[in-house]
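Me: I would like to learn how to read the surroundings of a ligand and a set of annotated positions in a model. Could you take me through them with care?

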Amino acid sequence: MSSSSPAFNHKKYRRSPVINKPNRRWPSQVIESAPRWCSVDLRDGNQALIEPMTVAQKQRLWKLLVKVGFKEIEIGFPSASQPDYDFCRWLIEENQIPDDVTIQVLVQAREALIERTFEALKGAKQAIVHVYNSTSPVQREKVFGMEREGIIEIARNGAQLLADHAAKHTGCKFSFEYSPESFSSTEIDFAIEICNAVIDVWRPTVDNKAIFNLPATVECATPNVFADQVETFCDGINNREAIVVSVHTHNDRGSAVAAGELALMAGADRVEGTLMGNGERTGNMDIVTMGMNMYSQGIDPRLDFANAEEIVRVVSECTQIEVHPRHPWVGDLVYTAFSGSHQDAIRKCLSQQTEGSHWDVAYLPIDPRDIGRDYQSVIRVNSQSGKGGVAYILEQEYGMAMPRWLQIEASRVVQAQAEKQSTEVSSQQIYDIVKAAFMDSEGGYQLAAYSLDRNNDSEAITASLEGPKGSKTIAGQGDGALSAFCHALQDSLGIELEIVHYDQHAIGQGTDAAAMAFVQLKINGERYNGISQNNDVLSANLNAILVCVNQAVSAGLSLTA
Ligand SMILES: CC(=O)SCCNC(=O)CCNC(=O)[C@H](O)C(C)(C)COP(=O)(O)OP(=O)(O)OC[C@H]1O[C@@H](n2cnc3c(N)ncnc32)[C@H](O)[C@@H]1OP(=O)(O)O
Ligand SMILES: CC(C)C(=O)C(=O)O
Ligand SMILES: [Mg+2]
């Protein structure tokens with residue numbers, strides 16, 4: 001159905017051209033290893049900020065990029081602004097560039113800018129100088145007002161200027177990079193033609209390669225179209241073995257990572273992007289996402305994202321852009337399940353996951369601990385949650401391993417509270433709710449002391465209780481201590497009482513060990529649940545029975561005494 005709003009009119013747009021490529025090979029390729037990464041956080045990321053980074057912020061982000069393990073880092077556009085120039089000088093003069101890291105700088109194909117760029121690089125040991133000009137029809141016709149030949153001339157001229165300046169600045173090992181900006185919107189034959197013209201100027205060799213960077217400056221098609229373009233480029237470019245094919249995707253349609261991945265399958269060697277995808281408009285390709293995608297498939301990304309919290313903090317403080325809580329791999333909520341069936345599956349899988357085996361946990365594509373997360377935040381409870389979530393939290397945080405029959409009851413009371421408050425229920429709240437429902441006995445009968453006497457095949461118990469009307473001694477016999485206690489209660493209080501379920505487990509070890517007991521009783525036909533913790537196992541069980549009796553009294557049961 002068409003929109004009724006005249007402004008919202010899809011007929012204003014047309015489909016981006018596609019390449020007719022029936023013999024495409026990339027769909028059957030598999031990514032086997034990490035590409036050469038280049039971070040453009042300090043350049044493309046920076047040029048997209050409301051307030052571009054100060055030198056101090058760039059210094060902080062630079063240190064993070066080096067720590068994460070980037071070996072190629074585009075540090076800015078030194079001819080464009082004084083902070084970018086000063087930052088470049090700081091890196092070189094303060095000896096901040098590790099020997100295995102190469103800085104990269106961007107410049108337009110304009111003489112004055114190129115001259116200033118080489119000035120900024122004085123004293124560097126190695127550097128990539130990246131020159132670009134735009135090549136798409138709209139750029140040629142409307143921005144530059146030139147035919148194809150004129151645009152090629154800008155590229156050739158820029159390439160020549162780089163070669164000339166590099167020859168004058170001895171002492172630095174320069175590499176060159178050329179980007180036909182707006183590549184993905186450029187006719188593929190023209191993109192190849194202009195890059196071949198640049199190759200003719202630089203004459204790269206296998207030992208001295210040049211980088212040809214193919215940008216989806218504005219993402220305008222599905223990622224398979226970009227992959228077709230990259231594969232066609234790789235097949236058509238001259239001297240392929242002497243060039244590094246790099247890709248630089250943007251996220252206008254939300255597919256920058258997918259386009260980058262398909263481009264690798266299509267033959268690209270190198271990927272430019274930013275941490276968490278900061279960059280123009282909807283951002284550059286997110287290297288954290290692509291790297292973690294590889295990691296989760298058992299491929300070494302050759303970048304270290306173990307300290308995700310630090311990466312998120314430094315990037316968001318330097319860019320002044322928050323990271324979305326659902327950001328792939330590193331968002332605050334991406335390892336958290338609120339919904340019941342997810343919690344149930346995660347809890348079951350985690351309990352079967354053994355050290356050293358391949359990760360195999362439903363709903364958790366990686367082990368959150370790999371990137372510095374803990375299991376505590378994996379399961380959180382609100383009104384969408386189920387028994388698995390409540391059980392997980394009580395077990396993880398309070399050592400209370402509830403039997404299945406009680407999980408259902410506990411979940412019911414927690415869910416009721418979650419619905420009432422319409423917010424998340426914290427771990428402490430869950431414990432308090434469960435305690436109030438199944439552990440508290442205030443105002444009711446309390447166990448003061450007991451003694452047992454075993455003769456032949458039966459057990460006799462004498463117990464003194466503190467009750468609302470003072471102390472009381474009860475006595476009874478049974479097959480075991482619990483049934484003896486139940487008989488004693490039945491006789492002295494005049495009620496029908498039957499144990500439906502009981503379980504217990506130890507908490508802690510050695511002399512500090514305590515017992516946790518869980519009991520379900522049927523009292524005069526109604527079921528009640530009690531939990532109790534005590535250093536003495538039998539006391540824990542007897543108290544849990546008394547919790548049930550006290551609940552029945554609170555619910556209106558009348559006793560004979
Ligand atoms: C897709 C990308 O991310 S590309 C990188 C974009 N990044 C930036 O632009 C950030 C830094 N840039 C800047 O600060 C400024 O653009 C500067 C300082 C570099 C240059 O500023 P100005 O000289 O004022 O020029 P401006 O950027 O407006 O350039 C426009 C002129 O350069 C030409 N031009 C633009 N890009 C290029 C290029 N890559 N190569 C050659 N000429 C170019 C335009 O055709 C235009 O020419 P005209 O003046 O004859 O019409
Ligand atoms: C300068 C180029 C590589 C760029 O950032 C783009 O086209 O997006
Ligand atoms: Mg870009």
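Reply: Of the 16 residues around ligand 1, those that come nearest are Gln47, Ala80, Gln108, Ala109 and Asn133, where a residue is near a molecule if its C-beta atom, placed from the backbone, lies within 6 Å of it. This is a predicted model, in which local features need pLDDT of at least 70 and side-chain atom pairs count only at pLDDT 80 or more, while totals for chains, interfaces and linings use all residues. Residues are numbered from 1 along each chain as its sequence is written, and chains are lettered from A and ligands numbered from 1 in the order in which they are written.

Me: Which positions carry the UniProt feature "binding site"?

Reply: UniProt positions are given in the numbering used here, with feature names shortened, and annotations may be inferred rather than shown by experiment. The unreviewed entry places this feature at Asp44, His248, His250 and Asn284. Although spread over 241 residues of sequence, they cluster in space, with a largest C-alpha distance of 10.4 Å.

Me: Is Asp44 buried or exposed?

Reply: A residue is buried if 20 or more other C-beta atoms lie within 10 Å of its own, exposed if 12 or fewer, and partly exposed in between, with C-beta atoms placed from the backbone. Asp44 is buried because 25 other C-beta atoms lie within 10 Å, and His250 likewise counts as buried, with 25 C-beta neighbours inside 10 Å.

Me: What does Asp44 touch?

Reply: Two residues are in contact if their C-beta atoms, placed from the backbone, lie within 7 Å. Not counting residues up to four places away in sequence, Asp44 touches Thr274, Gly279, Glu280 and Asn284.
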